[in-house]
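Could you walk me through this fold in my viewer, one selection at a time? I would like to know what to pick next and what I will find there.

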Amino acid sequence: MKKFFLLGHPVSHSLSPRIHGMFAEQCHMQIDYRTYDIEPGGFIDYVGRLRLEENPAGANVTLPFKRDAADYCTEITERARSAGAVNTMTFSGNHVYGDNTDGAGFVNDLTGRCGVSLLGKRVLVIGAGGAARGVLAAICSQGCARITVSNRTIGAAIALADEMGVHYAAFTDLTTGYDIVINATSAGLSNASPAVPGTIFKDCEIACDLFYAKTPTPFMRFASESGCRRVEDGLGMLIEQAAESFHIWLGARPDTKPVYAALRG
Ligand code: ATR
C-alpha cells in the first residue's frame, strides 16, 4: 500500500487524512495517509529519516514548512517556484519533486463549486505572506481586469506587488471597486478580521476567506455585515488542493463535490 504523509506543526486537527481517505475510497484505491507533527527547525532531518524508515510515495506539507519543503526538493514546478512554497512532494529514488497545489485549489473551487469566473474581474488580495503569494501566483494567469494586493504592513504588499506585477494599496486607501475580495491573512487564527474598510464590499460579488471554521469566520461576518452578497471560507480550496495532490501522486481525479458535502455537513 502506498504511503503518504502530511508534515506540519500543528497537524492534529487537519482534515487532510479524511479528505484523502474519501478520495481513495471513491477511486477504489488503498492508501496509507498519516500526519506527522514536526518541531519547527527540524523539517529536513525529519523528512530524511521518514523517507529511509517508511519509504513514502509522497507528502503534503503545511505550515510552517512550505518554504523548507521548496528548499528540500531536487526539482520544483514553475507554480511552486512562483509561490515560493511547496505543499506537495513526490518521492522517486533520490529525487524529490515539489509542486504547489494551493493556488490551483483556490481557482478550481472559485470557478467550479462557486461558479465565479476571474475573467475581467477586479480582485483584491488582502495579506502578503505565503498564502497571498500562492493565490497571486495562480490568479495572475486567469485574465483578471486588475489585481490589487493590500497588507497591514504596507512594505510587504509593495514588495509582493512588484514581484508579481500587480497593484498595491494600503488598508487606509482601500475603497469600493472590487468584484472579488480574498482574505489571505492569518488573522483568522487569532479569531480576528483584517482591519480593512467595510466599503470594499459594496460592489463585491464574493468575499473568500482562505481560513475555514465550522461557523462563519470573523472576515466572512464582517464582509456580510458590510453588504457583501456572497461569502465563502477556505474549505472548498482545502479539498481542491488535496484533489490536485491526489492526481499528481495517483493519476486519478476524484469528484470533490461529495467530499465537500460530507465535510461541510
Ligand atoms: P501565511 O503563510 O499564512 O500567509 P505569513 O507568511 O506569516 O502566513 O503571513 C501572514 C499574513 O497575515 C501577513 O500578511 C500578515 O500581515 P503583516 O505582514 O502585517 O504581519 C497578515 N496578518 C496576520 N494577522 C493579521 C491581522 N490581525 N490583521 C491583518 N493582517 C494580519
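Keep in mind as you go that the model is predicted.

**Stop 1: the sheet.** Begin by colouring the strands. You will find six of them in an open sheet with mixed pairing, in the order E2-E1-E3-E5-E6-E4. Now select residues 31-37 and 75-76: these are strands E2 and E4, the edges of the sheet, and each pairs on one side only.

Stop 2: Next, select residues 58-61 and 88-92. Strand E3 and strand E5 pair here in the antiparallel sense, over three bridges. Zoom in on Gly58 and you will see Thr90 of E5 opposite.

**Stop 3: a helix pair.** Finally, show residues 16-26 (helix H1) and 256-264 (helix H10), whose axes come within 10 Å and cross at roughly 140°. That angle is why H1 counts as oblique to H10. The crossing of H1 past H10 is right-handed. For the side chains, select Arg18, Ile19, Met22, Phe23 and Gln26 of H1, together with Thr256, Pro258, Val259, Ala262 and Leu263 of H10: these residues make the contact. Coloured by type, they divide into seven nonpolar, two polar and one charged.

Note on methods: Residues are numbered from 1 along each chain as its sequence is written. This is a predicted model: local features need pLDDT of at least 70, side-chain atom pairs count only at pLDDT 80 or more; totals for chains, interfaces and linings use all residues. Side-chain values use heavy atoms; hydrogens and water are left out. Two strands pair if DSSP finds at least two bridges between them. Helices (H or I, at least four residues) and strands (E, at least two) are DSSP runs, numbered from the N terminus. Axes are lines fitted to C-alpha atoms, for helices over the stretch in contact, and angles run from 0 to 180 degrees between N-to-C directions. Angles under 35 degrees count as roughly parallel, over 145 as roughly antiparallel, 65 to 115 as roughly perpendicular and the rest as oblique. A crossing is left-handed if the near helix is turned anticlockwise from the far one by less than a right angle, and right-handed if clockwise. Contact means heavy atoms within 4.5 Å. Ala, Val, Leu, Ile, Met, Phe, Trp, Tyr, Cys and Pro count as nonpolar, Asp, Glu, Lys and Arg as charged, and the others, Gly among them, as polar.
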